[in-house]
Amino acid sequence: MDDATRALLELWDTTEDTVDGLGPADWGRPLARTDRARACAALDTGGTDVTDLVVHLGGVHYLGPDRLRAALATAHARAGHQLTHAAPHGEELAAQCLDMCLHTHDLLAALDRELDADEAGPAAAQACRLVVGMIPRLLARTPEPRASALRIVVRSVPAGPVVVDRAFPTTGRRAPEVLEADAVALLLALSARRSVGELRGRVVCDGPTAERVLAAV
């Protein structure tokens, strides 16, 4: 089993364990996302609180806490069976990694907890290989003056190995720029769940073009 698939299974484990530990008041906690994130995020449940998110993950309508936990456990088991017996690859795996990275983040953020970048890193790295493809569209929406190229460098975890290193040329005339981030941080920035300021030190832009690209999400 590759690292991305293993990390994806761990995200399911984290999600189910978190839902198992929810208290009565936790089900109504609001999802900590801005209007901008709801409008621009790569994936969104369409809901407003923890209950809505668990309903989405379990693939059911609201059935009460106990039955929602059971539905989530069933969805977890189904995903685990698929990942261990007919594991997806390429873009399909990347899409599943993106889905669970963002949804697990949303659940934990609603409970004032952080997604573990080391645990989620391999799954986030797989997702980044997919979402970095949206950079040219963001560059096209970035006003002049801009860099002649934007290089994206993604590390699996903070200070970890590089997993994505791609340069995207533009029609700009300024010196090339670099946007460097760990995989989880880049997903949060590109899904508008966190700003560059909130991710300071984890998302590093060496010029204005990179910052404006993330602001254009």
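Me: OK, where does Arg69 sit?

Reply: Arg69 is part of helix H4, residues 65-85.

Me: Is Arg69 buried or exposed?

Reply: Buried, because its relative accessible area is 18%. The cut-offs are under 20% for buried, over 50% for exposed and partly exposed in between (1.4 Å probe, protein chains only).

Me: And what does Arg69 touch?

Reply: Leaving aside residues up to four places away in sequence, Arg69 touches Val19, Asp20, Leu22 and Trp27. Contact here means heavy atoms within 4.5 Å.

Me: How do H1 and H4 pack?

Reply: Their axes are 10 Å apart, at an angle of about 170 degrees. Axes are lines fitted to C-alpha atoms, for helices over the stretch in contact, and angles run from 0 to 180 degrees between N-to-C directions. H1 and H4 therefore count as roughly antiparallel. For the labels, under 35 degrees is roughly parallel, over 145 roughly antiparallel, 65 to 115 roughly perpendicular and the rest oblique.

Me: What kinds of residues make up the contact of H1 with H4?

Reply: Nine nonpolar, five polar and four charged. Ala, Val, Leu, Ile, Met, Phe, Trp, Tyr, Cys and Pro count as nonpolar, Asp, Glu, Lys and Arg as charged, and the others, Gly among them, as polar.

Me: Now Thr14. Where is it, and what does it touch?

Reply: Thr14 is in helix H1, residues 3-20. Not counting residues up to four places away in sequence, Thr14 touches Thr104, Leu108 and Glu119. Thr14 counts as buried because its relative accessibility is 17%.

Me: How do H1 and H6 cross?

Reply: The axes of H1 and H6 come within 7 Å and cross at roughly 120 degrees, so the two helices are oblique to each other. On the H1 side, the residues that meet H6 include Leu8, Leu11 and Thr14, and among their partners in H6 are Glu119, Ala123 and Gln126. That contact divides into seven nonpolar, two polar and three charged residues.

Me: Switching to the backbone: which bond is cis?

Reply: The peptide bond joining Glu144 and Pro145, with omega about 0 degrees. Pro145 lies in the loop between helix H7 (135-140) and strand S1 (149-155).

Me: What about phi at Asp112 and Ala192?

Reply: Asp112 has a positive phi, near 60 degrees, and Ala192 has a positive one too, near 65 degrees. Most residues other than glycine have a negative phi, and most peptide bonds are trans. Asp112 is exposed, with a relative accessible area of 67%, whereas Ala192 is buried at 5%. Ala192 is in the loop between helix H8 (183-190) and strand S4 (203-205).

Me: Last one: where is confidence lowest in the protein chain?

Reply: In helix H2 (residues 35-40), at a mean pLDDT of 58, while strand S3 (residues 177-182) is highest at 96. pLDDT is the predictor's confidence in each residue, from 0 to 100. Where pLDDT is low, the predicted coordinates should not be read in detail. The protein chain has a mean of 89, and 93% of its residues reach 70 or more.

Notes: Residues are numbered from 1 along each chain as its sequence is written. This is a predicted model: local features need pLDDT of at least 70, side-chain atom pairs count only at pLDDT 80 or more; totals for chains, interfaces and linings use all residues. Side-chain values use heavy atoms; hydrogens and water are left out. Helices (H or I, at least four residues) and strands (E, at least two) are DSSP runs, numbered from the N terminus.
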